[in-house]
There are 2 protein chains.
Amino acid sequence: MDFKNELERKINVVNDELHKYLEVRYPEIIFQAMGYSVFAGGKRLRPVLMLASCEAEGGREEDVLPFACGLEMIHTYSLIHDDLPEMDNDDFRRGKPTCHKKFDQGVAVLAGDGLLTYAFEVMLKKACTDFDSKYVRAAENTARLSGSDGMLVGQVVDVVSEGKVIDADTLAYIHKNKTGGLIKAALMNGAIVAGADDRRIAQYELMGEKLGLAFQIMDDILDVTSTEETLGKPVFSDEKNHKVTYVSMYGLEKAKEEYLKLCREVNEIAGKLGGEGGFLQTYCESLVNRIN
Amino acid sequence: MDFKNELERKINVVNDELHKYLEVRYPEIIFQAMGYSVFAGGKRLRPVLMLASCEAEGGREEDVLPFACGLEMIHTYSLIHDDLPEMDNDDFRRGKPTCHKKFDQGVAVLAGDGLLTYAFEVMLKKACTDFDSKYVRAAENTARLSGSDGMLVGQVVDVVSEGKVIDADTLAYIHKNKTGGLIKAALMNGAIVAGADDRRIAQYELMGEKLGLAFQIMDDILDVTSTEETLGKPVFSDEKNHKVTYVSMYGLEKAKEEYLKLCREVNEIAGKLGGEGGFLQTYCESLVNRIN
C-alpha cells in the first residue's frame, strides 16, 4: 500500500461526494455558503477515519460515504456557529474569512442549520434506500455523539466556562465531548456500517476517545507553540479568551507527555484492529508527526 | 367524542413527553434554554396534527409520540434562530422574552442547534429500539421537509427577500416551504407511522400543503388586523420589515377569500381521511374559527 496515494484517494472520494451533495441550486446563496465552509480546506480527518475503520472491518466504501459526508457536514456546521460573533467571534478560519464574514451573520446561522439538517437527510436517505438496521444505528450514533452525549454539550460547557476558573473534571468533560464526540462517531460508524460486532465497535469507541483527547491536547499545544502562518488561525487565542486548556492546567511538558502517551495507545489499538502497518495505523502515526 | 377534552388530552400527552425529554440535567443551562423556548406557550399545532393523522389511520399514539415531539423541537429551534438579532431581531415571542433575551445570544444559537440535533436523537432512538422501515421513513421525511425540501430553504428565501420586491412565484415558494414544510411533515408522519399506504400518505401531503398555506395567509392577515395583546407579538411587523406578504400582494379581501377557500378544501380532505366530525376535521374547523 502506498499510504500517501491511498490517503489522497480517500480524501478525493469524500470531496467528490461532498461536491455532489452540495451542488449549487435554488436558493443559491445557502448552497454557496454551505459549500464555501465545507470546501474551505478541511483535512477530512473524520471522514477518512470513518472510511479507514470501515475498510479495516471489511465494509464497502460506498455504504459508508453518506455517513462520512454527513459527519463532515456536522463538523462544518459546528465551526460556522462557533465562529459567530456571539460565540468565539473569529474572522478567519484556515486562513480564509469565516462564513459570517464572507456572507453575513444571518446566512451563516442558516448555513450551519442547513448543514446539520442536510447531514441527517443524506444519512437517512441511505437508510431508507438500503434498509438495514446498521444504517439506522449509525445515524442514531451520529445524532447522539453530536448532541446530548457529545459535541453539543461539550461546546456548551466550553462556552459557559470561558473566563472562569474550571477544575480538571470540567476540562476533561469539555475535551471528551467537544472534540471527542465526532471522532468517536467517525471510528464507530465505520465499524457499524461494516457490520462489526459490539465488542469491536467498543474498541473503536475507546480508540476514538483517546484520539479525540489527543487532538484537543494538540490544539492546546499548537495554540502556544505554533505561528499564525502555520496554523492558518491566530495563535494564543486561548490565553486571549481567558480559556483554561490542557496546557494552562498541566503545563506544556506534561501536556506533550500525555499527548504522546495517548498517541502510543491509539497506535496500539489501531494496529490490533486494522493490522500493523495498515492504513488506519499509518494514518494515526502520520497525525502524531504533526507536533513531534 | 368531546372535542375539547380530547384536544386537551392530546396536548397534555405531548407536553408530558416533552417534559421527560427535556428534563434539566448537566450542563443545566442548555436544557433550561431549550425547555424555556419549548414551554413558552406553543399551541402544539404540529404534534396534535401528527397524533390526529396517526389516529385517523389506526396507528398507536405511543409510536408516533417521538416523531411528534421531535417535530415540535425542530419547530422551536427555527423560532429561536429566527428571533436572533441577525435574523428577525425579535425581543418577544408569545408575550415572553425570546431565548436570546432571556439567556444570551450564544446560548440561543446553541439551544437551537441542540433542539435540532436532539429531535433526531429522539426519533432515531425509536427507530433503533423498534426497528421498522416506517420509522426510518418518518425520520427521513422530517429531515427533508425541515431542510432542503422545506422549512430551511423557505426561510432562506424569506430572509434574502426582505426589503425587496418579489414576484408571486417567490412568495408562493416561501409560503409553501417555510410554514408548509413542517405542517406537511406532521400530517404525513402520522400516517406513515400508522402504516398507511402511499396513496393515503399523498392525501395527507396535499392536505398539509393547503393547511400550511392557510396558516401563512392567516399570519399575514392577523399581522394587519389584530392587536399586540391578542397576538402576543408586535403587529404590522411585516410592513415595518418591508416584507411582501399575501396581503400586500393580493389585498386583504382576496387574502381572506383564499384563506377560506383553502380551509374548505382542508375540511373536505380531513373529512374523507378521518371521517366527518372526527377529531382531525373538527380540529381543522377549530383552527378556521380563529379569524372568521
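**Chain A–chain B interface**

Across the interface of chain A and chain B, the rule finds zero salt bridges. This is a predicted model. The two chains bury about 3800 Å² between them. Of that area, 79% lies on carbon and sulfur atoms.

**Extent and polar pairing**

- The interface brings 46 residues of chain A into contact with 46 residues of chain B.
- Five residue pairs are in polar contact between chain A and chain B, counting pairs with both residues at pLDDT 80 or more.

**The side of chain A that touches chain B**

- Helices that each supply at least two residues to this side of chain A include α2 (28-38), α4 (61-83) and α6 (105-129).
- α7 (133-146), α8 (151-161) and α9 (168-193) of chain A also each supply at least two.
- α6(A) gives the largest share, with 15 residues.
- By class, 27 residues on this side of chain A are nonpolar.
- Another eleven are polar and eight are charged.

**A site in chain B: T142(B)**

- T142(B) sits in helix α7 of chain B, which spans residues 133-146.
- Is T142(B) buried or exposed? T142(B) is buried, because its relative accessible area is 0%, and the cut-off for buried is under 20%.
- Leaving aside neighbours within four places in sequence, T142(B) is in contact with L71(B), I74(B), M123(B) and N189(B).

Terms used:
Residues are numbered from 1 along each chain as its sequence is written. Chains are lettered from A and ligands numbered from 1 in the order in which they are written. This is a predicted model: local features need pLDDT of at least 70, side-chain atom pairs count only at pLDDT 80 or more; totals for chains, interfaces and linings use all residues. Side-chain values use heavy atoms; hydrogens and water are left out. Contact means heavy atoms within 4.5 Å. Buried area is the accessible area (1.4 Å probe) that two parts lose on being put together, summed over both. A salt bridge is a side-chain nitrogen of Lys or Arg within 4 Å of a carboxyl oxygen of Asp or Glu. A polar contact is a pair of N or O atoms within 3.5 Å; within protein, one must be able to donate a hydrogen and the other to accept it, and residues adjacent in sequence count only if both atoms are side-chain atoms. Helices (H or I, at least four residues) and strands (E, at least two) are DSSP runs, numbered from the N terminus. Ala, Val, Leu, Ile, Met, Phe, Trp, Tyr, Cys and Pro count as nonpolar, Asp, Glu, Lys and Arg as charged, and the others, Gly among them, as polar. Buried means under 20% relative accessible area, exposed over 50%, partly exposed in between (1.4 Å probe, protein chains only).
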